[in-house]
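Welcome! Take a moment to look over the sequence and the model below, and then we can walk through a few places together.

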Amino acid sequence: MTATHARRRADLAALLPAHEADAILVTGGVNVRYLTGLASSNAAVLVRADATATLATDSRYIGAARRVCDDIEVIEKLDVAGALLPETGRTGIEADHMPVADYFRLDGRPLRLSGVVESVRMVKDDAEIDLIRTACELTDRAFAEVLPGLRPGLTEKEVARALERRMIELGADGLAFDSIVASGPNGAIPHHSPSDRPLERGDLVTMDFGALYRGYHADMTRTVAIGEPAGWQRELYDLVRASQRAGGLAARVGAALHEVDAAARDLIAKAGYGEFFKHGLGHGVGLQIHEAPFLSPRRPEGSPERGEGSPKLERSSRKPERDHEHARLEDRVPVTVEPGVYLPGRGGVRIEDTLVARDGGPELLTRTTKELLVL
């Protein structure tokens, strides 16, 4: 992967002049891994405008760093950020990832940048897409193999553990995120944590889960019925399925992010359920389960999900991000499409796929049927 990491650093270096920076100090762990191949809890890499780089890490990781990153300078320091910043010139730091306390310890008050590495990470190479595809295949297979065992009396926790166990048995390295299993009225809570509630006949059950494979994430949601669904449940399911189909078809190269969201959201709003679909339509997927771009009516491209990342610093002197109204999907960008309708006290439906925007049309990576399955 050395040549791949060198190319990524060169792509990042090419962006620095637009930010009036001579170098960027990358401290976000995922971004360091993306640029060097080193997975570490304490590492930083300085990438200069000429694409040369220096990596700093502590004694716990120095052996791995010298083995994995043999094409760049590697130094051993506990204070990785402080070790790399004394260079002259206009150096930027990752304002989204560096804690405020660390920033104020640094000499010279470096330039605060945001979302620069993330903008490079957004477009995936073929090897990355292959890893995401494999993660999605493991997710699909686990669902198909666990589904026949779903029955009244199983608890939400038991269903979640069965899905998670099967993904690991099939070859996943771990879980992409904490699995969601929401049955009956719990389906009205988009991020419900699995509970001891047993599945009952008449329930809709929403399952949101994914496999982690070699650092890359899958994300899929399916909603099934335990016993014959009521009329309102089937009507709600058909509406969300139509919305999800419309969003997936709209996720084409060149499509404006907010227009992809609108393609799905407008169907739900016209049916009178707009107030019950409050989250964004989807998000990018890669080394993180939520990454740029974000399919929503409002969210600026590259901004982190609420609750993620370090505390924000005051306004940076970076170039402004592109207006969300003009941000568009690019070729080889994986995103999720996950509309949902959540009716308090009654239940909900969410359907989600991971797909890749391609010049020839979206490539679907999660292939499990989206027909309403009645168990």
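Let's begin at D261, a residue of helix α10, which runs over residues 257–270. Keep in mind as you look that this is a predicted model. Is D261 buried or exposed? Its relative accessibility is 2%, and because buried means under 20%, D261 counts as buried.

What surrounds D261, once its neighbours within four places in sequence are set aside? The contacts of D261 are then G280, L281, L295, S296 and P297. Take L281 from that group: along the chain it sits 20 residues from D261, yet the C-alpha atoms of the two are separated by 5.4 Å.

The structure has two cavities of 30 Å³ or more. The largest cavity holds about 40 Å³ of space. To find it, look for the residues that line it: I24, then E94, A95, D96 and H97, and then L113, S114, G115, V116, V117 and E118. Which element gives the largest share of this lining? That is helix α6 (residues 116–121), with three residues. By class, the lining of the largest cavity is made up of five nonpolar, three polar and three charged residues.

The second largest cavity has a volume of about 30 Å³. Around this one you will find F143, R222, T223, V224, Y237, T368, T369, E371 and L373. Here the largest share of the lining comes from a strand, β12 (residues 220–225), which supplies three residues. Sorted by class, the lining of the second largest cavity has four nonpolar residues, three polar ones and two charged ones.

Next, follow the chain back to helix α1, which covers residues 2–15. How far should a helix of this length reach? At 1.5 Å a residue, its 14 residues should span 20 Å, and the C-alpha atoms at its ends are 21 Å apart, which agrees. Several residues of α1 are buried: T4, H5, R8, R9, L12 and A13.

Last, a word on cysteines. A disulfide is a covalent bond between the sulfur atoms of two cysteines. How many disulfides does the structure hold? The count is zero. Two cysteines to look for are C69 and C136: C69 counts as buried at 1% relative accessibility, and C136 is buried too, with a relative accessible area of 0%.

How values were computed: Residues are numbered from 1 along each chain as its sequence is written. This is a predicted model: local features need pLDDT of at least 70, side-chain atom pairs count only at pLDDT 80 or more; totals for chains, interfaces and linings use all residues. Side-chain values use heavy atoms; hydrogens and water are left out. Helices (H or I, at least four residues) and strands (E, at least two) are DSSP runs, numbered from the N terminus. Buried means under 20% relative accessible area, exposed over 50%, partly exposed in between (1.4 Å probe, protein chains only). Contact means heavy atoms within 4.5 Å. On a 1 Å grid over the protein atoms alone, a cavity is a set of points where a 1.4 Å probe fits but cannot get out, and a pocket is an open set with protein on both sides within 12 Å along at least five of seven lines; lining residues have an atom within 4 Å of a point. Grid points are joined across faces, edges and corners, and a volume is the space filled by probe spheres set on the points. Ala, Val, Leu, Ile, Met, Phe, Trp, Tyr, Cys and Pro count as nonpolar, Asp, Glu, Lys and Arg as charged, and the others, Gly among them, as polar. The expected span of a helix is 1.5 Å times one less than its number of residues. A disulfide is a pair of cysteine sulfur atoms within 2.5 Å.
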